[in-house]
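I opened this model to work through its elements one by one, and I note below what I looked up in each place.

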Amino acid sequence: MIYLDSAATSFLKPPCVAQAVLEAMNTLGSPGRGAHPLTLAASRRVWACREAVAQLLGVADPARVCFTPNSTAALNTAICGLFGPGDHVITTALEHNSVLRPLYRLAEQGLELTILPADAKGMICYEDFVRALHPNTKGVVCTHASNVTGNVLDVKKIGAFCREHGLYFVVDASQ
């Protein structure tokens with residue numbers, strides 16, 4: 001079988017993932033749904049995952065690690081939770097619809113949106129971020145790697161720009 005849509009559904013999973021899911025389904029309750037042993041075991045397992053992810057990403061407080069059903073839900077939560085009418089957001093022409101749709105929806109409600117262009121090779125000019133900066137700029141939302149062009153953005157450089165100007169930085173790292 002040749003399966004060409006694995007990015008959308010993650011069809012081919014390692015056997016250890018299937019085994020972990022089966023184990024959870026057969027031995028754990030629903031985390032946060034009670035105080036009996038099965039739910040407490042599930043809550044401990046979720047907390048251990050939060051700790052592991054926090055350590056991997058350098059997050060000081062594991063309680064700040066959030067799990068969502070997918071990248072689109074995570075991006076929508078971050079974008080719609082951080083930005084609103086009167087704010088200015090910078091993004092790029094390389095973005096996936098999971099970034100653009102919530103930004104366009106917020107723009108209809110009064111968000112000011114700047115979309116930085118990509119050149120013929122799909123490259124972004126990093127000086128454009130500085131030129132796009134407004135007094136009401138609240139953040140940058142961008143992909144790490146375009147699923148259309150394959151171009152990789154320098155998120156270290158963009159992150160430094162955001163830190164320097166006190167901006168939120170939302171990265172779509174799905175690809």
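Which residue just after α3 takes a positive phi? I found G58 there, with a positive phi of about 75°.

**Ground rules.** I am reading a predicted model, in which local features need pLDDT of at least 70 and side-chain atom pairs count only at pLDDT 80 or more, while totals for chains, interfaces and linings use all residues. Residues are numbered from 1 along each chain as its sequence is written, and side-chain values use heavy atoms, with hydrogens and water left out.

**Whole chain.** I listed seven helices and four strands, taking helices (H or I, at least four residues) and strands (E, at least two) as DSSP runs numbered from the N terminus. From the N terminus on, the order that I wrote down is α-α-α-α-β-α-β-α-β-α-β. The C-alpha atoms fill a box of roughly 55 × 40 × 30 Å along the principal axes. Of the 175 residues, 28% count as buried, where buried means under 20% relative accessible area, exposed over 50% and partly exposed in between (1.4 Å probe, protein chains only).

**Helix α3.** I then went back to α3, which spans residues 37-57. Its 21 residues reach 30 Å from the first C-alpha to the last, close to the 30 Å expected at 1.5 Å a residue, the expected span being 1.5 Å times one less than the number of residues. The buried residues of α3 are T39, A42 and A54. They cover an arc of only 115° around the axis, which puts them on the same side of α3; the arc is that of the directions from the helix axis to the C-beta atoms. On the other side of α3 I noted P37, R44, Q55 and L56 as exposed.

**Strand β1.** How many of the five residues of β1 are buried? I counted five of the five in this strand (residues 88-92), so β1 is largely enclosed by the rest of the structure. H88, I90 and T92 point one way, whereas V89 and T91 point the other way. I set beside this the rule that in a regular strand the side chains alternate between the two faces of the sheet.

**Partners of β1.** Strands count as paired if DSSP finds at least two bridges between them. I found five bridges joining β1 to β2 (residues 112-116), with the two strands running parallel, and H88 stands opposite E112 in β2. The chain crosses from β1 to β2 through helix α5 (residues 97-108), and this β-α-β crossover is right-handed, a term that applies if, with the strands pointing away from the viewer, the path from the first strand over the helix to the second runs clockwise. With β3 (residues 137-143), β1 pairs in the parallel sense over three bridges; there, T137 is the bridge partner of H88 and V140 that of I90.

**Strand β3 and onward.** Six of the seven residues of β3 are buried, and I recorded the strand as mostly covered. Five bridges join β3 to β4 (residues 168-172), again a parallel pair, in which C142 stands opposite V171 of β4. From β3 the chain crosses to β4 through helix α7 (residues 155-165), and this β-α-β crossover is right-handed.

**Residue D128.** Last, I looked up D128, which lies in helix α6 (residues 127-132). D128 is buried, with a relative accessible area of 17%. Leaving out residues up to four places away in sequence, D128 touches L116 and P117, a contact being heavy atoms within 4.5 Å.
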